[in-house]
Amino acid sequence: MEKMDRVRHRQDAMELIECYLQKNDVQPNGKLPAEREMCEMWGVNRSTLRAAIRQLTEMGKLYSLKGSGTYVAPPKLERNLQDVKSTTESVRSSGRQLRTRVLESEVILADQYISEKLQVPQDTKVLFMRRLRIMDGVPYTIETNYVNLSLCPQIVDHDFNNESLYRALSYYQIYVAQGQESVGITYATETEARTLQVEEGGALFFFTGIVRDQKGTSVEFFKSVARPDKVRFSSILRTAPVKLERSEKE
């Protein structure tokens, strides 16, 4: 009974928050009042309010920034799992702003793991790069890239704070045409949590995959983590034509 009461009180608080947002026309990225103020407005206790905020955050309706407060979440970025669009293209085509900050960048020699992923000999030169992508002013994803430098050795001279990786590849007549990607769940490390401004141990989407050019050559191996409150996935489902046997046609 006590548990049911907690759930009901949390749901009531969620409705109060959503009504407040609608009545006051709070736009995406708009800030909610302080927790203390909301508790006083509606006569709810702090633990109930926080449970309601946590639930709405998990639903993708709110987001919190440490030391700043709680905000209305914009609609999630939709990613088609069958696209080979770059992050830059996906974000900007949705009408959002994207900034990039290179966290690490260096030329390394491919170890056995990377050589297998890129299908190159061990000790092949590879561009290792880790970037933070910031969507509409909010940290969104940390991308780690391993680029086959035997295809484009001069690409190390590009400024990837201000330039898309795939755009840079096109200067060397390398065009992303195909690949494979897997999606899973991981949990934020201390560094990831600090960088993405989320709680340590919180769930993140984890992507990994290989990108190939128009000739089928492996160009890039990537790994990335992304905030689940910022992205959702879509896919086009198709059914194969059903070939009817003669008896079925008749």
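What follows is a conversation about a predicted model, taken feature by feature.

Colleague: What makes the contact between glutamate 35 and arginine 50 a salt bridge?

Modeller: The N to O distance between their side chains is 2.7 Å. The cut-off is 4 Å between a side-chain nitrogen of Lys or Arg and a carboxyl oxygen of Asp or Glu, so the pair at 2.7 Å qualifies. The structure holds 8 salt bridges.

Colleague: Which parts does the pair of glutamate 35 and arginine 50 tie together?

Modeller: Glutamate 35 is in helix H2 (residues 35-42) and arginine 50 is in helix H3 (residues 46-58), so the bridge ties together parts 15 residues apart in sequence.

Colleague: Why is glutamate 35 called partly exposed?

Modeller: Its relative accessibility is 22%. Buried means under 20% and exposed means over 50%, with partly exposed in between, so glutamate 35 at 22% counts as partly exposed. Arginine 50, at 41%, is partly exposed too.

Colleague: How do you know that glutamate 40 and arginine 36 form a salt bridge?

Modeller: The N to O distance is 3.6 Å, and the limit is 4 Å, so the pair counts as a salt bridge. Both residues lie in helix H2, 4 residues apart, which is about one turn of the helix. Glutamate 40 and arginine 36 are both exposed.

Colleague: What makes glutamate 104 and arginine 130 a link between distant parts of the chain?

Modeller: Glutamate 104 sits in strand E4 (residues 98-109) and arginine 130 in strand E5, 26 residues apart. Their closest N and O atoms are 2.4 Å apart, and they form a salt bridge.

Colleague: How many residues does the largest nonpolar core have, and which have the most contacts inside it?

Modeller: That core has 21 residues, and those with the most contacts inside it are Leu127, Val147, Cys152, Ile155, Phe160, Leu165 and Leu169. Among the elements giving two or more residues to the core are strand E5 (125-135), strand E6 (138-148) and helix H6 (165-170). H6 gives the most, with 4 residues.

Colleague: What does isoleucine 155 touch?

Modeller: Leaving out residues up to four places away in sequence, isoleucine 155 touches Leu127, Leu149, Phe160, Leu165, Ala168, Leu169 and Tyr172. A second, separate core has 15 residues, including Ile17, Met38, Ala52 and Leu62.

Colleague: Why is glutamine 119 called exposed?

Modeller: Its relative accessibility is 60%, and exposed means over 50%, so glutamine 119 qualifies. Glutamine 119 is in the loop between helix H5 (112-118) and E5, and has a positive phi of about 55° although it is not a glycine.

Colleague: What is the phi of glutamine 173, and where is this residue found?

Modeller: Its phi is positive, near 60°, and glutamine 173 is found in the loop between H6 and E7. Its relative accessible area is 52%, so it is exposed.

Note on methods: Residues are numbered from 1 along each chain as its sequence is written. This is a predicted model: local features need pLDDT of at least 70, side-chain atom pairs count only at pLDDT 80 or more; totals for chains, interfaces and linings use all residues. Side-chain values use heavy atoms; hydrogens and water are left out. A nonpolar core is a set of buried Ala, Val, Leu, Ile, Met, Phe, Trp, Tyr and Cys residues joined through side-chain atoms within 4.5 Å. Buried means under 20% relative accessible area, exposed over 50%, partly exposed in between (1.4 Å probe, protein chains only). Contact means heavy atoms within 4.5 Å.
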